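Reader: I'm new to looking at protein models. Could you help me learn how to read one?
Author: Gladly! Let's look at it together and take one feature at a time.

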Amino acid sequence: MVSRRKFIISSTVVGAGLVTGFKPDIKDVGFSINQQQNQPVVISTWQHGIEANEVAWEILLDNGRALDAVEQGVRVTEADPNITSVGYGGYPDRDGNVTLDACIMDENCNAGSVAFLKNIMHPISVARLVMEKTPHVMLVGEGALRFALANGFQKENLLTAQSKAAWEKWIKENNYTPYKPDEKNHDTIGMIALDKNGNLSGACTTSGLGFKMQGRIGDSPIIGAGLYVDNEVGAATATGLGEAIIKIVGSHLVVEQMRMGKSPTEACKVAVERLLKKVKGFSDIAGFIALNKQGEYGGYSTNFGFQYAVYSEGENKLINSEFAK
Ligand code: SD4
């Protein structure tokens, strides 16, 4: 956790500017503080973030780039068959197809995304290739698959016996109801990191709502909704009901709040409050995590139960998020 002293130092710098009318260049303020601290931080959603953070942390410690850390970190979750909301073993749509969504963003405002991608274990790495090898930001469906195969990715069956059994049970019990996805199965991994050079990056990857309508895409691959990174300010990522998060462009909202001087937790709280105010009848869960240029982090969720994993100052820990209700 960020020490009270560090928090006071950074808020005093920004606060002083507000009192005197002097407008600090946030980029410069963040850069100089970070140069002194030189502390990497990685933060990710849910309990599975702990394992993913381990891999990301090794890269950050080794003076690696935040972009590599977040990509390699979330690949751990994508490959885990026991996590039924991300990658391999993710619950399928109501027709039995595992369709994956992911996006990534680096310190230079480069972004890449894939959605409705089938049979590829690591959508996050395809998203990175979209960012680095094409003039586009987003590829979906058949086009994304063709691009992945052309770049050496292998087709794999992502439906495990466990997920297939859960899908068959759902069909029986829900009679193929078109608008009743499994609202409990949404533990996307979103990960944001600050490296030793003071650069931020983020990644977000999911199989989306379990038993969703075919073709449904949530917030996770949408730049600004599921993830946003502004290297001058901070980064944010989201988890929970994508339909609600898209409507308030959640992650971008969090970053803009940090730009205006809010702490990461306060910024996430603004997004949660906006969501609860605007999205009528919201009865699910949505949560945000954020990390600023100074290495301060936080999270906030609509409901009790959201957790996020933070690796900083050599310690990897799970934090119970603050929440609205
Ligand atoms: C989506 N936000 O597809 C994703 C699902 C998710 O935890 O759980 N996030 O709506």
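Reader: Are Trp-57 and Tyr-311 buried or exposed?
Author: Both Trp-57 and Tyr-311 are buried. Keep in mind that this is a predicted model. Here, a residue is called buried if its relative accessible area is under 20%.

Reader: How do I describe a pair of aromatic rings?
Author: You give the distance of the centres and the angle of the planes. Planes under 30 degrees apart count as stacked.

Reader: Where do Trp-57 and Tyr-311 lie?
Author: Trp-57 is in helix 3 and Tyr-311 is in strand 11, so this pair ties together parts that are 254 residues apart in sequence.

Reader: How many aromatic pairs are there?
Author: The count comes to six aromatic pairs. One of them joins Trp-46 and Phe-306, and that pair is edge-to-face, with 5.0 Å from centre to centre and 75 degrees between the planes. For edge-to-face, the angle has to be over 60 degrees. The pair links distant parts of the chain, 260 residues apart: Trp-46 sits in the loop between strand 1 (41-45) and helix 3 (49-61), while Phe-306 sits in the loop between strand 10 (297-301) and strand 11 (307-312).

Reader: Why are Trp-46 and Phe-306 called buried?
Author: Trp-46 is called buried because its relative accessible area is 11%, and Phe-306 because its value is 2%; the cut-off is under 20%.

Reader: Which residues do ring pairs link into a cluster?
Author: Ring pairs join Trp-46, Phe-306 and Tyr-308 into a cluster.

Reader: Now for strands. How many residues of strand 5 are buried?
Author: Six of the six residues in strand 5 (residues 189-194) are buried. To read a strand, look at each face in turn. On one side of strand 5 you find Ile-189, Met-191 and Ala-193, on the other Gly-190, Ile-192 and Leu-194, and all are buried.

Reader: Which way do strand 1 and strand 5 run, parallel or antiparallel?
Author: Strand 1 and strand 5 run antiparallel, joined by four bridges. Among the partners, Ser-44 is bridged to Met-191 in strand 5.

Reader: How many bridges pair strand 5 with strand 6?
Author: Six bridges pair strand 5 with strand 6 (residues 200-206), again in the antiparallel sense. Leu-194 stands opposite Leu-200 of strand 6. The hairpin of these two strands has five residues between the strands, and Gly-198 there takes a positive phi near 80 degrees.

Key:
Residues are numbered from 1 along each chain as its sequence is written. This is a predicted model: local features need pLDDT of at least 70, side-chain atom pairs count only at pLDDT 80 or more; totals for chains, interfaces and linings use all residues. Side-chain values use heavy atoms; hydrogens and water are left out. Rings of Phe, Tyr and Trp (its six-membered ring) pair if their centres lie within 6.5 Å; planes under 30 degrees apart count as stacked, over 60 as edge-to-face and the rest as tilted. Buried means under 20% relative accessible area, exposed over 50%, partly exposed in between (1.4 Å probe, protein chains only). Two strands pair if DSSP finds at least two bridges between them.
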